[in-house]
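Hi everyone, thanks for coming.

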Amino acid sequence: MVQRLRNSLTSTPTASAINAVGVVLVVAALVAAAIRIYQGGAGYFFQTIGFGLAQGAIFALVALGYTMVYGIIELINFAHGDVFTLGAFISLSLMPLLGLNEGQISGAALIIPLLVLFVVTMLVCALVNIGIERIAYRPLRHAPRLAPLITAIGMSALLEGVMNVWRGPSQLHYPDFLPEYQIPLGGGVTIAAKAATVIVIAVVLMVVLTLFVNRSKLGKAMRATAQDRDAAQLMGIDINRTIAATFFIGAALAGAGGIIYGLYYNSVSAFDGFTYGLYAFTAAVFGGIGNIPGAAIGGILIGIIYSISDGYFSVSWTQILVFAILIFVLVFRPTGLLGMRVPEK
Amino acid sequence: MKRVRALLRDNARNANAIAYTLMILGALLYPAVVQFATAGNGDYLVGLAADGGIYILMAIGLNVVVGFAGLLDLGYAAFFAIGSYTYALVASNHLGVTPLGHSLHVPFWIALFIGMFTAAGAGALLGAPTLRLRGDYLAIVTLGFGEIVPRLFKNAGIWTGGVPGIFALDVPTLPGWITGPWVNQPFGWVPDFRFTTDNLTAYYVLMIVLIAVVVVLVHNIYNSRLGRAWMAVREDETAAAATGVNTVSIKLLAFSIGAATSGFAGAFYGAKLSYVSSENFGFVVSVTVLAMVVLGGMGNIPGAMLGGGVLYFILFWFLPNAPAQVESLASAAGLGVLNQVNPNGWPGIAEEVSRSKYVIFGLILVGIMLLRPQGLLPSQVRKQELRHEEHEAIAAPRQLQG
């Protein structure tokens, strides 16, 4: 790491000047944050971190979809953020059908309807995403790279438009089912049960995904396709099916993320997904795009940075900070925290 | 006469020449036709066309970046914002309320170029460290930049007027102008003319002149050594570099020229509206301009202009008017029930139509890329290239096994 830093600092005069500016800015930001945190006291700090972890867990779920799709076909799926919102919208409409009415149901009776809600929503989102892949990306797989990127933006606008026509542009209330008490963690540190639930659900989903990609045959096919599509095809892997499966899994996670987002924030609007998707994409880039554990770690980090910025600095500068991180990472370390340096294809 | 005939014969089958001719004729006749058709109440429509010209200018500029050099810029509105805010700062009383304490009133004609060069500078500043990134990473950097800039203007407090923005910007002035029946005045010469909302035809004429100048400039650049270098970089960056093209500076120039056009349009926008606010420069503006370029035909100047005109007409004239039209249509067809607002969800057909703007956006982008990737008025060069790609796709077997 130090060696790499030294190399990057001494390569060319302009590059080293740019990198020096970057290092100075990052150090300055960290020092400023440390001072504010020290002044704020421990209780407030742990509260902020709990909030950041919950938010980061949702970012991570969405980031996984970006990173998997990018890993396999090198496409930034702009529609992914909107599939995430679609998950919130679909679950919102399904809730009355499953008897999930706010204030009428609580405790253990929630578990089975919520489980059904998760499964159905994830399935619908996954099918929508497969449809998007089939219509907008597959026919353009051999076209210039710009083409699928533009259809991705188009699909994003289309999904936002459909949700806007469906439920209108205003903020919708999302029912609140999660417990409201604080869980003591010892030493006077507590975490909100709401945040803990969100983190647990997200971690379970991510563990299942990791096991699937590492252990199952389809997961192996995905890794092979991501490495070398032609060679994978020669080994008898059905490329189209594997890519469709990637979109399926990514969207299922995004759909689950949409439900968790709704349950946690209790409000959702048709246009949330675009900005939220960009945060998640930042997380994926931060962790190293194409890298599954990287996306999870990047999501958690962005979530914590987000909540520290919200909690200790100004809410209105948080978005600027996150996008600045995005540009920073791409300029100084395009491979992210965990990514490998790969040759350009 | 003979030369005219030869010119006609040579260009009769040239789509671009026809498009230019039609656009010139349309631009010249438009105010007269509109005023005649609305019996002298067409000022609104003429002003709308002047605003559309701003988008056409941006489409021409983005076409340089996306169409000529093949760099996807998703934060194009940022340069538009920079141009507008620069104009607002140097041509209003606003700097007087900032800690500087002295307001500037640079004349419009100079401020226009200050806005342009500031945007170009911002483009170079952003491009210098990022243009070595590959295509889609560059798209993301520009997207992030496009999200940051309006928020910076919003958060910069007293310097940019914060959320409400900056008001009462200076309007363009000229030593003189012709008035006539189109503004309900007798023919005559007005000395020391000030462009105001009472005379939108003047804005329209100014816009047409600016577009014409920009088109000539961009057209000449495209046909120069620089234009060929852009094409080379777009087609194969490695090969271009190997043949001696300095790819980084070439890309930086494309980026800056695109930014400059956007800043130029932004300065005009500020002057025309006499007001800037950070709300007017969101991602939707960048996507609109991108959709215009894609719709018209990437890499072709008249194509981008045509796409700009068509999409502007759809988004800013057709769609805002569509709800009322659909409503009256529904009543006339005996479906008045559709117009009623149902508290359980149905917001009335007019509201639904006005909400469908993004659906139309999406359909245009996806539909064009799938059905006619070369656009309405394609560039001949890019058309060949896309056809070539198709052959390649067919030649490559999709599936090897059974």
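First, some housekeeping. This is a predicted model, so local features need a pLDDT of at least 70, side-chain atom pairs count only at pLDDT 80 or more, and totals for chains, interfaces and linings use all residues. Residues are numbered from 1 along each chain as its sequence is written, while chains are lettered from A and ligands numbered from 1 in the order in which they are written.

Okay, chain A. There are 13 helices and four strands in it; helices here are DSSP runs of H or I with at least four residues, strands are runs of E with at least two, and both are numbered from the N terminus. Its C-alpha atoms fill a box of roughly 65 × 60 × 40 Å along the principal axes. The radius of gyration of chain A is 21 Å, which agrees with the value near 20 Å that a compact globule of 345 residues would have. That radius is taken over C-alpha atoms, and the globule rule is 2.2 Å times the number of residues to the power 0.38.

How much of chain A is buried? Buried residues make up 48% of its 345 residues. Buried means 20 or more other C-beta atoms within 10 Å of a residue's own, exposed means 12 or fewer, and partly exposed is in between, with C-beta atoms placed from the backbone.

Watch out for residues 5–11 of chain A, where pLDDT stays under 50 and the model has six contacts beyond four places in sequence. Residues 341–345 of chain A are also below 50, and that stretch has two contacts beyond near neighbours in sequence. A contact, by the way, means two C-beta atoms, placed from the backbone, within 7 Å.

Now chain B, which has 16 helices and six strands. Its radius of gyration is 23 Å, close to the 21 Å that the globule rule gives for 402 residues, so chain B is as compact as a globular protein of that length. The C-alpha box is roughly 70 × 65 × 65 Å along the principal axes, and 45% of the residues in chain B are buried.

So where do the chains meet? The contact takes 42 residues from chain A and 42 residues from chain B. On the chain A side, α6 (146–167), α9 (229–234) and α13 (315–332) each supply at least two residues. The largest share of that side, 15 residues, comes from α6(A).

Let me zoom in on one residue of that helix. A:Gly154 lies in helix α6 of chain A and counts as buried, with 27 C-beta neighbours inside 10 Å.

Helix α7 itself covers residues 193–215 of chain A, and its 23 residues reach 32 Å from first C-alpha to last, close to the 33 Å expected; the expected span is 1.5 Å times one less than the number of residues.

Last stop, back in chain B. Helix α12(B) is mostly covered, with 13 of its 14 residues buried. After α12(B) comes B:Gly297, with a positive phi near 130 degrees. B:Ala168 has a positive phi too, near 50 degrees, in a residue other than glycine. You'll find B:Ala168 in the loop between β3 (166–167) and β4 (173–179) of chain B. Is B:Ala168 buried or exposed? B:Ala168 is exposed, with 11 other C-beta atoms within 10 Å.

Technical notes:
pLDDT = per-residue confidence, 0-100.
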